[in-house]
Amino acid sequence: MAVAEGAAVPYAVELGLTVLHTALYAALFLFAYLQLWLLLYYRERRLSYHTLCLFLCLLWAALRTTLFSFYLQNSLQALRLQQPFAHWLLYCLPGCLLFSSLCLLNLYFAEVIFKVKCAAEFNKYKVLLYLGSILTSLLFLVVNLTCAMLIHGEVPEKQLRWTVLARALVNDSLFILCAISLACCMCKLGKMSSANVYLESKGTSVCQAILVGSVVALLYSSRACYNLVAVAISPDNVPGPFNYGWDNLSDKVHVEVSSEEYVVFGVVLFLWELVPTTFVVLFFRAQRLSQNLTPAGMVNSHSYSSRAYFFDNPRRYDSDDDLSRLGAREGGLATPQCSGCYGSLAGTDGGSAADSAPLLCAAGGSESNQHHLSSHPAPQN
């Protein structure tokens, strides 16, 4: 797709915008690539929401960088006429990657909500959630690829228009539904005070999650609505800003694009693709999680070693009588209810989690208890 000659926008402006877009997408590519390496360095799980979302964003940024590098060489017209699959790869596949990242974001926040409310409920519906997300992404991909191949074939103009309309109805409707689902997750997340504890253990917070989810849902749903209007209004007959909508640029094969259309195409990609993708990359960035064992008053049983936590406990040598007197003096804390447990958190009624530190309870009966008391006499009041 070559830029038409004699356009209103000067060539120097077009070249500057092309260099700017290429630099922005390349910078995001390098940043996402660095985050993936940092995840490996921090020994995070190879297959997780962080790695999947970062990989999708990495691939999206690579395709967009390649697209604008072709603009620098002004060689897209030959690419579009000779390689239909390459055209689909550069223009349409990034949209599929964005939709897959949106599905992953929905799945991530749904899992957070289920685990905060009841982890058993998530285990019950986990397979259905995973299958639904995968099948929805595959449906989006198949519809997009099929319609793109039909558009590049020898089809009449009327059939071409109906093909574009069918693809817009299916794909943009899926975008809108996923955006609505993400907005509902944000509403539920904002009402759950305990969700902040879980998210902080993952290196983020409820405020950050709501910000990212709201921005992504708003931008993707607004783009889908714009695309539906752009396709519904015939760009060949109705004058207006939809004459150079992004769908027109992606689907028209045998026409040249004016510089005005190229500028608007760049603005659309920046506002409705680069901004939400940047938010997603920043949200799933690699972080070295804090070793604080009691974030927001709760101990995460999977984030520390029970042996290390026992030997860090300042009251590990106190007897049950000492703890009873200490609890009465500090406000009536109940005696820890653990029998034969190691590193487990005792339930308390009045104290916080930090006050009820896990204890190593003796399993050897009264003899080991007497030996324990004789070795470490109880402090006097």
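## Helices α1 and α2

In this predicted model, helix α1 spans residues 11–41 and helix α2 spans residues 49–73. Their axes come within 8 Å and cross at roughly 155 degrees. Angles over 145 degrees count as roughly antiparallel, and α1 and α2 are therefore roughly antiparallel to each other.

The crossing of α1 with α2 is left-handed. The residues of this contact divide into 19 nonpolar, 8 polar and 1 charged.

## Helices α7 and α9

Helix α7 covers residues 157–191, and helix α9 covers residues 206–232. The two pack at an angle of about 160 degrees, and their axes are 8 Å apart. By the cut-off of 145 degrees, α7 and α9 are therefore also described as roughly antiparallel to each other.

α7 and α9 cross in a left-handed manner. Where α7 meets α9, the contact is made up of 22 nonpolar, 5 polar and 2 charged residues.

## Cysteines

A disulfide is a covalent bond that joins the sulfur atoms of two cysteines. A search of the whole structure finds 0 disulfides. Cysteine 103 is thus in none, and the nearest cysteine sulfur to it, belonging to cysteine 178, is 4.1 Å away. To count as a disulfide, the two sulfur atoms must be within 2.5 Å.

Are cysteine 103 and cysteine 207 buried or exposed? Cysteine 103 has a relative accessibility of 6%, so it counts as buried, the cut-off being under 20%. Cysteine 207 has a relative accessibility of 65%, so it counts as exposed, the cut-off being over 50%.

Conventions:
Residues are numbered from 1 along each chain as its sequence is written. This is a predicted model: local features need pLDDT of at least 70, side-chain atom pairs count only at pLDDT 80 or more; totals for chains, interfaces and linings use all residues. Side-chain values use heavy atoms; hydrogens and water are left out. Axes are lines fitted to C-alpha atoms, for helices over the stretch in contact, and angles run from 0 to 180 degrees between N-to-C directions. Helices (H or I, at least four residues) and strands (E, at least two) are DSSP runs, numbered from the N terminus. Angles under 35 degrees count as roughly parallel, over 145 as roughly antiparallel, 65 to 115 as roughly perpendicular and the rest as oblique. A crossing is left-handed if the near helix is turned anticlockwise from the far one by less than a right angle, and right-handed if clockwise. Ala, Val, Leu, Ile, Met, Phe, Trp, Tyr, Cys and Pro count as nonpolar, Asp, Glu, Lys and Arg as charged, and the others, Gly among them, as polar. Buried means under 20% relative accessible area, exposed over 50%, partly exposed in between (1.4 Å probe, protein chains only).
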